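User: I am new to this structure and would like to learn how to read it. Please take me through it one feature at a time.

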Amino acid sequence: MLQITCPYCGCRDESDFSFGGESHVTRPSLDSSNAEWSDYLFNRENPMGIHYERWVHSYGCGRWFNVARDTVTHEIHATYKMGEAKPELAPNTKSGGNDR
Amino acid sequence: MNNYSGFSLFRNALSGHRKWPQAWRSPEPKKHYDVVIIGAGGQGLATAYFLAKNHGIKNVAVLEKGYLGGGNTGRNTQVIRSNYFWPQSSAFFDRSLQLFESLSQKLNFNVMLSQRGILTLAHSHHELEGIRRWANAIMINDIDSQVLTPTEVKELMPLVNLDCRFPIHGGFIQRRGGTARHDAVAWSLARAASEYGVDIIQQCEVTDINTQAGRVTSLETTRGRIEAGKVSIAVAGHTGVLAKMAGFRVPVTSMSLQAMVSEPVKPCLNTVVLSPVIHAYVSQSDRGELVIGGGADVYNSYAQRGGIPMLEETISSVLELFPAFSRLRLMRQWAGTVDVTPDTTPIMGKTPVDHLYISGGWGTGGYKAIPAGGETMAYTIVNDHPHPLIEGFGLERFESGALIDEGAASGVAH
């Protein structure tokens with residue numbers, strides 16, 4: 001069970017939240033090529049290490065926010081509000097190196 | 001190859017079973033291979049086997065970072081079926097089921113195929129309508145399928161509780177579906193491939209993929225550089241990691257899919273039963289354990305362990321269907337890292353890098369596709385062109401929009 005700190009409500013159990021996939025994905029302009037549009041629609045970072053992702057506090061305040069979580073250890077390094085920049089995080093040694 | 005038979009069993013019994021030869025060789029890696037396959041799971045081993053058997057290409061290595069069949073091939077719940085909706089999926093997965101039906105004879109290794117049927121339940125009138133449509137689509141694709149009434153469901157599984165939280169309105173069964181022992185599938189393919197001269201190299205992790213002028217040339221591994229004419233990636237949950245080494249992106253999300261087994265009991269369930277709505281499935285192994293699975297954990301993970309919320313959801317669903325199982329204790333629970341695609345159809349074929357091929361995106365259903373996956377990938381590697389059965393499964397479908405959406409069509413949830 002993950003313990004996730006909602007930036008609005010505080011620390012709650014994982015079952016309070018729903019997962020929303022990778023964060024900071026930017027929609028390309030309308031004149032983008034098919035390849036760029038396909039990349040935007042379907043390709044995701046899927047890193048072995050720190051993943052910047054969206055969660056929503058479904059059974060709480062109902063608001064979306066961002067989480068920086070390690071996909072190998074499941075350790076949560078930061079939670080931050082929508083619109084804020086990604087926090088700079090040192091590569092995690094526990095997961096055998098970030099960003100593989 | 002030492003032929004397995006009743007006579008060889010008798011002969012080896014006389015020497016106390018201490019003189020059985022190794023089933024496959026464990027050679028040192030050579031400097032160069034015609035084809036290198038990354039990943040000694042079912043898909044990789046089957047590809048190597050068919051390269052040697054169907055195409056005579058025997059200078060082949062299968063590299064494995066852990067141990068053979070130790071990833072998702074050894075972690076799945078052994079279910080085999082071909083009850084898909086779209087014609088492309090049906091043709092491919094039924095070819096696989098057909099190959100499974102003769103695998104034990106061809107490989108001289110009992111894979112313990114048991115075609116005990118796979119039953120999909122409907123929990124509402126509307127879902128039953130959907131299941132009728134699905135079952136009809138399967139029959140139109142020339143695959144066996146039969147809609148069952150609640151009474152027939154109860155006859156098939158006397159322990160089922162028809163009046164559960166979401167009452168059972170019926171279901172449909174594919175009687176040719178069932179289970180086969182997953183370790184035996186990996187071991188039999190490894191033994192047969194090794195006999196043809198394929199080098200299976202365990203404890204050898206690929207750390208980088210070298211390319212020159214858009215073409216793959218060699219691999220960096222923990223046991224040195226290996227040159228390769230052609231390379232095929234068959235690494236399930238780590239497909240994205242390997243693609244990144246080669247410099248392209250794949251539309252997969254790696255997640256944990258968990259499974260569990262109970263203590264062994266006498267035969268009490270003679271089919272594989274699954275419920276798409278309450279998201280659980282269960283069968284009984286030949287050893288008597290109830291093998292239980294459910295949905296994937298909701299977030300990206302490479303941890304190879306399952307979370308408690310999904311475990312709880314799966315167990316509560318199974319106990320609602322079979323209240324009698326509440327007396328059983330769980331013996332083991334584990335998870336594998338599955339690579340899920342947006343349309344839940346695998347990614348097979350060529351990649352943006354020349355002479356580099358991919359067999360991935362298997363999500364939660366790669367095990368049943370092992371024989372056909374190997375056969376079609378071997379063809380694709382040799383001809384540098386996708387096999388007709390997997391023409392629609394290529395990476396390019398995400399740009400053309402020709403998705404094969406089994407997620408929507410046949411309830412493949414992940």
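**Reading domains, strands and a helix**

Analyst: Start with the contact between two domains: 16 residues of domain 1 of chain B are in contact with 15 residues of domain 2 of chain B. The side of domain 1 of chain B that touches domain 2 of chain B has 3 nonpolar, 12 polar and 1 charged residues. Keep in mind that this is a predicted model.

User: Which residues make up domain 1 and domain 2 of chain B?

Analyst: A domain can be built from separate stretches of sequence. The assignment for chain B gives 30–79 + 182–251 + 343–409 as domain 1 and 118–175 + 254–340 as domain 2. Over C-alpha atoms, the centres of domain 1 and domain 2 of chain B are 29 Å apart.

User: How many helices and strands are there in chain A?

Analyst: Count the elements, then read their order. Chain A has 1 helix and 6 strands, and along the sequence they follow the pattern β-β-β-α-β-β-β. The C-alpha atoms of chain A fill a box of roughly 40 × 35 × 20 Å along the principal axes. Of its 100 residues, 23% count as buried.

User: In which sense do strand 1 and strand 2 of chain A pair, parallel or antiparallel?

Analyst: Look at the bridges between the two strands. Strand 1 (residues 3–6) and strand 2 (residues 10–13) of chain A pair in the antiparallel sense, over 4 bridges. The two strands form a hairpin, with 3 residues between them. Within the pair, Thr5(A) stands opposite Cys11(A) of strand 2.

User: How many residues does the contact take from chain A and from chain B?

Analyst: Count each side, then ask which elements supply the residues. The contact takes 19 residues from chain A and 19 residues from chain B. On the chain A side, helix 1 (34–42) and strand 4 (50–56) each supply at least two residues. The largest share, 5 residues, comes from helix 1 of chain A. By class, the side of chain A that touches chain B has 6 nonpolar, 8 polar and 5 charged residues.

User: Which residues of helix 9 of chain B are buried?

Analyst: Helix 9 (residues 308–321) of chain B has 14 residues and reaches 20 Å from first C-alpha to last, close to the 20 Å expected at 1.5 Å a residue. Its buried residues are Thr314(B), Ser317(B), Val318(B) and Leu321(B). Seen down the axis of helix 9, these buried residues fall within an arc of 95 degrees, so they line one face of the helix.

User: What covers the buried residues of helix 9 of chain B?

Analyst: The cover includes strand 13 (272–275), strand 14 (280–284) and strand 15 (290–300) of chain B.

Methods: Residues numbered from 1 in each chain as written. Chains lettered and ligands numbered in written order. Predicted model: local features only at pLDDT ≥ 70, side-chain atom pairs only at ≥ 80, totals over all residues. Domains from an automatic or database assignment. Contact = placed C-beta atoms within 7 Å. Nonpolar A, V, L, I, M, F, W, Y, C, P; charged D, E, K, R; others polar. Pairing = 2+ DSSP bridges. Expected span 1.5 Å × (residues − 1). Buried ≥ 20, exposed ≤ 12 C-beta atoms within 10 Å, placed from the backbone. Arc of directions from axis to C-beta.
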